[in-house]
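Please open the structure in a viewer and keep the selection panel at hand.

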Amino acid sequence: MAEWLYEEGIGEARAALIEHGKLVEALIEREGDHARAGSVMQGRLIATIIPRKRGIVRLMSGEEVLLEPIPPKLAEGANVLVEILREAIAEEGRPKRAKGRVPLPGIKPHAGPSLLQRIRATDIPVIPCPAHDEDRLEAHGWSELMEEAMSGEVGSEAAALRLFLTPAMLLIDVDGSLPPAQLGPKGAKIAAQTIRRMGLSGSIGIDLPTMNNKDERIIAAAQIDKYLPLPFERTAVNGFGFLQIIRRRERANLMELLREDPVRTAAMALLRRAERHGQGGPATLTAPPAIIDLLHKRIDWIELLAKRRGGAISLKVDAALGLAGGHVA
């Protein structure tokens, strides 16, 4: 039986798909005014990059969106509706703007679906997980998955993955102590499971060990088909052990989301722990200066935490702590 565990956290919403007792997919949606995939929003064409093919639209919120294609009669400075196909994605050096197109005639502006709406649309039962109940996300390895997404390291000595984000594609290197004939299928299985758990999408390259013959490569590729749900496209495993996967890309994956703002990521984890600490009532959050500075700027988060705990919240700086070292008392 499958079920979604859903948590309306402070500053972000979280969901975990549980199948046969295992966490197979994790989703996070952070607060913000960015354009969600599926939105139709009003904007203005501010620049033409390639005539009739690509331009930049500035939405009413100020966010810029790549428009492809540009309608033939649309001139710079004109207003235009944009359907968001892919949300903005942070990349080192040059963040990717959201990507959109002109919607079909008759479609009115509307917001894209929230995380809760998206998981409800799967027709899989959604189980709310409030902070005063048992921590079901943590019981299924939520924190371990967050650590894997931040570090890019998954697996064990026998079969391990190292994940690298690049502008061209996400690369997964498979290594381990198993013989190549065993490491290939095992690494492919772990890679497929990791792609699903972290919501990895777009172009993904998997570097498996070089295997001795075609049959071994076919067995390894079959693990992708078994453990990664459709839709996706993939190549065969070539003679050097390389396999490429293409998945539809609508939003940032878990690695990109967590790494975009490490201070906010650490603050979200601290607030999550604070919601569940003890039996409620007053609490003191101790963290490094960067996190405390962020929390001082987001008084709404602290007020919500105080309301949920039923007591005053104090903030304390400890410069000796690392980002992940914040604690609650």
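**Before starting**

This is a predicted model, in which local features need pLDDT of at least 70 and side-chain atom pairs count only at pLDDT 80 or more, while totals for chains, interfaces and linings use all residues. Residues are numbered from 1 along each chain as its sequence is written, and side-chain values use heavy atoms, with hydrogens and water left out. Helices (H or I, at least four residues) and strands (E, at least two) are DSSP runs, numbered from the N terminus.

**Stop 1: the largest pocket**

Select Leu27, Arg118, Glu250, Arg251 and Ala252. Of the 43 residues lining the largest pocket, these are the closest to its centre. The volume of this pocket is about 1300 Å³. A pocket is here an open set of points on a 1 Å grid over the protein atoms alone, where a 1.4 Å probe fits, with protein on both sides within 12 Å along at least five of seven lines; lining residues have an atom within 4 Å of a point. Grid points are joined across faces, edges and corners, and the volume is the space filled by probe spheres set on the points.

Next, colour strand E3 (22-30), helix H1 (115-120), helix H4 (180-198) and helix H6 (254-260), each of which supplies at least two residues of the lining. Which element gives the most to the lining? That element is E3, with 6 residues. By residue type, the lining divides into 20 nonpolar, 5 polar and 18 charged residues. In this division Ala, Val, Leu, Ile, Met, Phe, Trp, Tyr, Cys and Pro count as nonpolar, Asp, Glu, Lys and Arg as charged, and the others, Gly among them, as polar.

**Stop 2: helix H4 and its end**

Select H4 by itself. Its 19 residues reach 26 Å from the first C-alpha to the last, close to the 27 Å expected at 1.5 Å a residue; the expected span is 1.5 Å times one less than the number of residues. Just after H4, Gly199 takes a positive phi of about 65°.

**Stop 3: helix H5**

Move to residues 214-227, which form helix H5. The 14 residues of H5 should span 20 Å, and its end C-alpha atoms are 21 Å apart, which agrees. Display the side chains of Glu216, Arg217, Ala220, Ala221, Gln223 and Ile224, the buried residues of H5. They cover an arc of only 135° around the axis, which puts them on the same side of H5; the arc is that of the directions from the helix axis to the C-beta atoms. On the other side, Lys214, Asp215 and Lys226 are exposed. Buried means under 20% relative accessible area, exposed over 50%, and partly exposed in between (1.4 Å probe, protein chains only).

What covers the buried residues of H5? The cover includes H4, strand E13 (202-207), strand E14 (233-234) and strand E15 (242-247).

**Stop 4**

Select Leu208, in the loop between E13 and H5. With a relative accessibility of 3%, Leu208 counts as buried. Neighbours within four places in sequence aside, Leu208 is in contact (heavy atoms within 4.5 Å) with Val174, Gly184, Gly187, Ala188, Ala220, Val237, Phe240 and Gly241.

Glu148 is buried at a relative accessible area of 18%, and Met146 is buried at 14%. Not counting residues up to four places away in sequence, Glu148 touches Glu153, Val154, Arg197 and Met198. With neighbours within four places likewise left aside, Met146 is in contact with Ile28, Leu254 and Leu258.

**Stop 5: backbone features**

Most residues other than glycine have a negative phi, and most peptide bonds are trans. Select His20, in the loop between strand E2 (12-19) and E3; its phi is positive, near 55°. His20 is exposed, with a relative accessible area of 71%. Asp123, in the loop between H1 and strand E9 (126-128), has a positive phi near 65°. Asp123 counts as exposed at 71% relative accessibility.

Finally, display two cis peptide bonds. One joins Glu68 and Pro69, with omega about -10°, and Pro69 is in the loop between strand E6 (64-67) and strand E7 (79-86). Another runs from Leu230 to Pro231, with omega near 10°; Pro231 is in the loop between H5 and E14.
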